[in-house]
Amino acid sequence: MSDFTSIDDTVTVQLTDVFSREPYGGLTVGVVPEAACLTEAQQQTIVRELGGIETAFITSNESSPDQIRWDWVDTENERGDAAALAVAAYALKPGEQAVLYSETESGSDTGSESDSRRINCNADSGLSVQMDTPEASFAEIDYAAVATQLSLPAEALSEVGRSLSPGVTQAEKSFLHIPVVFLESLRTPGIQSTGISKLCQQYETDGCCLFTFDTIAAHSTLHARWFDAEGTELVAAPVAAVGCAAYLQMAEAVDSLPGTMTIEASHFAGTPSHLTVTVGDSMAVGGQVVTTLQGTIVVPSDDNDEII
């Protein structure tokens, strides 16, 4: 039973941009720090009002400073990686780490290895969450046909393809990874969603990654554009980023691996993002988290249909 009984009750909320160094980039995630008394219906109302891609609800972190119980509601993503990093940005100080136990995954009151995530907060306040290591393999493509499908010049694919073949990775989601020679080719506004969709069907993947080593920022390893199987562009996709790193490690295409690499993405979608992927015995993905809004929000009672 919720402790909230009237429209006058409020809870603290904040909006954060995950995988971004500046406000209004990356993935927008809502965070409700004290959510133990909220019912599922009240959570859904707050989600609608905040409008983030994911919204995280911290339900407890009192039993242990390095264990945080949380829940999340998403509108686009299934894993809640961005929400986990937003929770950590709120709860952790530089140099700290914690295990996040999610009731969304387990549906139980006790955390286990299968429903927990270890989060690290680095000295520079960058955060990272552990990820499964994808399986990677090379793939053969018809460069001319694929270029036509995507409305790209054939040489944009074939030139780099002579030294680095495309690949497929499989973990929670599978991705086809196709290298492109220059950033200018990725700027193409007419990359065809139908062409992406056909490629995903042909290679039986959940998405497609087009990337280039020609980057906007000098410190970035590569620039990527990620698409789902319908051809819709994804913003700061952690699973795709880890898949790309696993593929490049398998191909021995990046000297820094095992190690870390920085992937810039979503610039052409208007939400510049930077993801750091750590490759070694295990894999992790992370980045910076920027808080753009802090305040309180009115919570309706369970039997109140009014909008917040």
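Leaving aside its neighbours within four places in sequence, with which residues is Ser273 in contact? In this predicted model, the residues that Ser273 touches under that condition are Phe19, Gly26, Val235, Ala236, Ile263, Glu264, Ala265, Ser266 and His267. Ser273 itself lies in strand β15, which spans residues 273-279, and its relative accessible area is 0%, so that Ser273 counts as buried, the cut-off for that term being under 20%. Its side chain also reaches the backbone oxygen of Thr271, at 2.9 Å.

One of the contacts of Ser273, Ile263, leads on to the largest nonpolar core, which has 55 residues and in which Ile119, Phe211, Trp226, Leu248, Ile263 and Val277 touch the most other members. The element that gives the most to this core is helix α8 (residues 238-251), with 10 residues.

To return to Ile119, when residues up to four places away in sequence are not counted, Ile119 touches Ala84, Leu85, Ala88, Leu92, Glu96, Gln97, Ala98, Leu100, Leu127, Ser128 and Val129.

The packing of two helices can be followed in the same way. Helix α4 (residues 143-150) and helix α5 (residues 154-161) pack with their axes 8 Å apart and at an angle of about 140 degrees, and α4 and α5 are therefore oblique to each other. The crossing in which α4 passes α5 is right-handed, and the contact is made by Tyr143, Ala144, Val146 and Ala147 on the α4 side and by Ala154, Leu157, Ser158 and Gly161 on the α5 side.

Key: Residues numbered from 1 in each chain as written. Predicted model: local features only at pLDDT ≥ 70, side-chain atom pairs only at ≥ 80, totals over all residues. Heavy atoms only, no water. Helix = DSSP H or I, 4+ residues; strand = E, 2+ residues; numbered from the N terminus. Buried < 20%, exposed > 50% of the residue type's maximum accessible area, 1.4 Å probe, protein only. Polar contact = N/O pair within 3.5 Å; in protein donor to acceptor, adjacent residues only side chain to side chain. Contact = heavy atoms within 4.5 Å. Core = buried A, V, L, I, M, F, W, Y, C linked by side-chain atoms within 4.5 Å. Axes fitted to C-alpha atoms, helices over the stretch in contact; angles between N-to-C directions. Parallel < 35°, antiparallel > 145°, perpendicular 65-115°, else oblique. Left-handed = near helix turned anticlockwise from the far one by under 90°.
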